[in-house]
Amino acid sequence: MEPNKFEQEVKMKMEQRLLNPTPMAWDRLDAMLSVAETKKPQRSYRWLYIAASMVLMLGAGFFFLDKEAATTMPSGESPAVVAGPESRIQAESTETTTAAIALPGVSEESSVAVTRKAAIQKEMTRDILKEKKQPAIVKQGEAVAVISPEVPSGEVQVPDSGKITDAVADLSPNIKAGKVKVDSRALLSSVEGELDDSFRSKMLQSVTKNYNTVKTALVNRNHE
Amino acid sequence: MLIETVTIAAADQPKRTTNVKVISLHRDEQEIIKLAAQSNRHAQQKIYSKHSPKMLSICRQYVKDIHQAEDVMITGFMKVFTNIANFENKGSFEGWIRRIMVNECISYLRVQKKVSFMEDEFYAEDTFNNIESQFSVEDIQLLIDSLPEGYKMVFNLYAIEGYKHQEIATMLNISEGTSKSQLSHARKMLQQQINKQKNYQNGTE
């Protein structure tokens, strides 16, 4: 099936024909073009919508982050503070003297055991023993003698340490206060630093996440 | 067309200068297209003035009424100027405009005249007429006008624009078989019309 003679003639003759349009035709076209041109520059709302949605998402991210930070802050402090003194205590437990050899078994139990007060008081007795060591061997011997019979008794808990702490009640509060003060300050500053870091990283994460969601939305829109 | 006239006129001149003229004409056209893309009204009018007579002729092939044909042509030119920034200078600018114009005519006929195609696959491998007589342009246009819209569209796309059946099928959203069948019907009808006119002229009817 190919164009036949007639169709070839049709093509040849029609190709040569020219029809002049009316003069009004250009005027109409001119008017249509002007209308189209005035319409064009005003259509740029799309980017506004995208920017607004980005701002909203960032705001939502901030809002939820604040909520999270508020709830995690209080619980975050106390365990850190508690952890501090205990670690200090465990550090000191390594500095035990011969006098405290008898006690290690007990002290280890207590550090693993229930209250930290008992642990601190145990430390008190040890420290007191340490201090007592320096003045006189006799006193040390006495302390050992005092404590060693107590050890086999088995229940070397609060009441026993209470006896010794009562004897040196003056020293203990100072020592306790001094030690805890220094510790808590350092501990708090380190904990705060940790919290800030996590906040910063959380912020960065939320910002990048929002940016990526907007980007994917844009790309998907372009594909449609 | 313009390029052809230049080469004919300069036939006796050395070939080099005519080639240079052709190249400079092309560059001028590119300049004007660039300006038109920037909404330069003067450039747009130049393009319109240069191409509108040809384009109106094409529209008239599809649309019987000259005023409606002009409307279709103006709509076509609107599309040309809206999309002129997308023209990549790969190929003929006139060819690009022409394609837009033909598509506009098809849209117009489908929407305004509500043309739908009877999906029949019948076509006869006709031993076609050996028409000896020469037709004038007006006669040919009248013959084409006498065709129903569907046959007319396929005939014009096949005979004048030179598209193949597969391409016509895509453009009109029909099957290739339907395109062939429509052309066959168109040819049959034209044959009948031509014979009728001949008989009138010969005085047998």
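## Asn89 of chain B

B:Asn89 is partly exposed, its relative accessible area being 32%; buried stands for under 20%, exposed for over 50% and partly exposed for what lies in between, with a 1.4 Å probe and protein chains only. This is a predicted model, in which local features need pLDDT of at least 70, side-chain atom pairs count only at pLDDT 80 or more, and totals for chains, interfaces and linings use all residues. Residues are numbered from 1 along each chain as its sequence is written, and chains are lettered from A in the order in which they are written.

The loop between helix H4 (66-83) and helix H5 (93-112) of chain B holds B:Asn89. Helices here are DSSP runs of H or I with at least four residues, strands are runs of E with at least two, and both are numbered from the N terminus. B:Asn89 is not a glycine, yet its phi is positive, near 60°. Most residues other than glycine have a negative phi.

## Asn173 of chain B

B:Asn173 also has a positive phi, of about 60°, although it is not a glycine. This residue sits in the loop between helix H8 (165-172) and helix H9 (176-202) of chain B. B:Asn173 counts as exposed, at 66% relative accessibility.

## Chain A

Chain A has eight helices and zero strands. Of its 224 residues, 26% count as buried.

In chain A, 82% of the contacts (heavy atoms within 4.5 Å) between residues at least 6 apart in sequence join residues at least 24 apart. The chain exposes about 15,400 Å², and carbon and sulfur atoms supply 62% of that area, computed by the Shrake-Rupley method with a 1.4 Å probe.

Notes: Side-chain values use heavy atoms; hydrogens and water are left out.
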